[in-house]
Amino acid sequence: MSNVCLTLPAFARKAEVRRGRQRLEITGENSMFVGHYSVAFAVKTERNRIPLWVLFIAVQFLDYIWATLVLLGVEKLRVIKGFTAGSMLDSYFHPYSHSLFAAMAWSAIAAVVYKTFCSRHGCLHSNTAALIVGVAVFSHWILDLVAHPRDLAIYDDTWKVGFGLWNYRDPEFALEVALLAGGIIVYLARNVMPPIRKTATIGFGIVLVIVQIGDTYVPRTPLTDKATAMGVWIFYTLFVVVAFLVEKIGRLRQINAPWS
Ligand SMILES: [Zn+2]
């Protein structure tokens with residue numbers, strides 16, 4: 001009996017020390033996110049005229065579905081310290097948003113939705129543009145395949161794959177930034193725009209890199225599964241709004257003061 005009384009506070013103290021250490025060691029809950037935006041920037045051209053904000057939704061579409069389903073309690077997420085070097089997310093059940101078959105289905109749905117939207121608004125090259133939107137949605141799964149540990153199912157919740165680059169924090173961070181920079185360079189080269197929009201685009205790229213640095217390297221206490229999903233909704237939508245505004249600035253200038 002006395003043993004129990006003596007050991008319990010000891011256990012409690014140890015747990016407290018462990019919790020303290022966790023607070024210091026935790027370094028973000030990376031979900032390979034700025035790398036996805038490289039695709040949004042890279043596929044936008046003068047010819048397809050897909051709004052950048054639409055592509056920003058497309059490349060994160062699977063994560064929007066995922067965050068929504070986590071909030072609804074349908075898909076499951078555990079937040080674990082040290083699950084991989086760069087991530088605390090153990091997304092152990094996400095067949096409806098992140099299985100290969102689901103990714104293909106969501107890509108097809110996104111393409112059809114964009115095609116329908118395009119037909120109503122009389123866009124040019126709507127078939128190609130719709131196909132590009134579908135490819136942008138699917139690109140999310142390909143990049144997740146590179147980054148994720150083996151948690152991406154091929155079908156339903158079986159045959160899990162993932163190359164696990166999250167286990168190597170610095171190379172993973174370097175790849176994300178290199179992809180994003182490459183995407184922005186392609187975007188600036190293929191789209192005619194006033195200098196102010198070029199500056200705004202580069203500034204936006206820098207902000208995304210800063211957010212990624214915070215996500216990957218800055219220690220903080222872990223969030224709950226629902227708070228993580230909510231964060232995905234808030235941050236990704238914020239970036240969609242910025243992408244919309246960046247392209248708007250250019251257009252307003254174009255109308256007011258023709259530069260070409
Ligand atoms: Zn994802």
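Student: Is Asp 156 buried or exposed?

Tutor: Burial is read from a count of neighbours: a residue is buried if 20 or more other C-beta atoms lie within 10 Å of its own, exposed if 12 or fewer, and partly exposed in between, with C-beta atoms placed from the backbone. Asp 156 has 11 C-beta neighbours inside 10 Å and therefore counts as exposed. Please note that this is a predicted model, in which local features need pLDDT of at least 70 and side-chain atom pairs count only at pLDDT 80 or more, while totals for chains, interfaces and linings use all residues. Residues are numbered from 1 along each chain as its sequence is written.

Student: Where is the place of Asp 156?

Tutor: Helices (H or I, at least four residues) and strands (E, at least two) are DSSP runs, numbered from the N terminus. Asp 156 sits in the loop between β3 (152-155) and β4 (158-161).

Student: What is the phi of Asp 156, and what is the phi of Trp 159?

Tutor: Most residues other than glycine have a negative phi. Asp 156 has a phi near 55°, a positive value in a residue other than glycine. Trp 159, also not a glycine, has a positive phi of about 50°. Trp 159 belongs to strand β4, and its 12 C-beta neighbours inside 10 Å make it count as exposed.

Student: How many helices and strands does the protein chain have, and what pattern does it follow along the sequence?

Tutor: There are ten helices and four strands in the protein chain. Their order along the sequence is α-α-α-α-β-β-α-α-α-β-β-α-α-α. Of the 260 residues of the chain, 36% count as buried. Contacts give a further view: two residues are in contact if their C-beta atoms, placed from the backbone, lie within 7 Å. Among contacts between residues at least 6 apart in sequence, 71% join residues at least 24 apart.

Student: At what angle do α8 and α9 pack?

Tutor: Axes are lines fitted to C-alpha atoms, for helices over the stretch in contact, and angles run from 0 to 180 degrees between N-to-C directions. Angles under 35 degrees count as roughly parallel, over 145 as roughly antiparallel, 65 to 115 as roughly perpendicular and the rest as oblique. Helices α8 and α9 pack at about 170°, their axes 11 Å apart, and are therefore roughly antiparallel to each other. Their contact includes Glu 176, Ile 184 and Tyr 187 in α8, and Ile 202, Gly 205 and Thr 216 in α9. The residues of this contact divide into ten nonpolar, four polar and three charged (Ala, Val, Leu, Ile, Met, Phe, Trp, Tyr, Cys and Pro count as nonpolar, Asp, Glu, Lys and Arg as charged, and the others, Gly among them, as polar).

Student: Which residues does Ile 184 touch?

Tutor: Leaving aside residues up to four places away in sequence, Ile 184 touches Phe 41, Thr 201, Ile 202 and Gly 205. Ile 184 lies in helix α8 and is buried, with 22 other C-beta atoms within 10 Å. Ile 184 and Ile 202 are 18 residues apart in sequence, yet 7.5 Å apart in space, C-alpha to C-alpha. Thr 216, in helix α9 (residues 195-217), is likewise buried, with 22 other C-beta atoms within 10 Å. Thr 216 and Asp 170 are separated by 46 residues in sequence and by 8.9 Å in space, C-alpha to C-alpha.

Student: At what angle do the axes of α2 and α8 cross?

Tutor: The axes of α2 and α8 come within 7 Å and cross at roughly 15°; the two helices are therefore roughly parallel to each other. The contact includes Val 34, Tyr 37 and Phe 41 of α2, and Leu 175, Leu 179 and Ile 184 of α8. Eleven nonpolar, four polar and one charged residue make up this contact.

Student: At what angle do the axes of α4 and α7 cross?

Tutor: Helix α4 (residues 61-71) and helix α7 (residues 126-147) have axes that come within 8 Å and cross at roughly 70°, which makes α4 roughly perpendicular to α7. Phe 61, Leu 62 and Asp 63 of α4 make the contact with Val 137, His 140 and Trp 141 of α7.

Student: How many residues has the largest nonpolar core?

Tutor: A nonpolar core is a set of buried Ala, Val, Leu, Ile, Met, Phe, Trp, Tyr and Cys residues joined through C-beta atoms within 7 Å. The largest here has 49 residues, and Val 133 and Val 137 are among those with the most contacts inside it. Helix α7 provides the largest share of this core, eight residues. Val 133 touches Ile 50, Val 54, Ala 58, Ala 110, Ala 111 and Tyr 114, not counting residues up to four places away in sequence.
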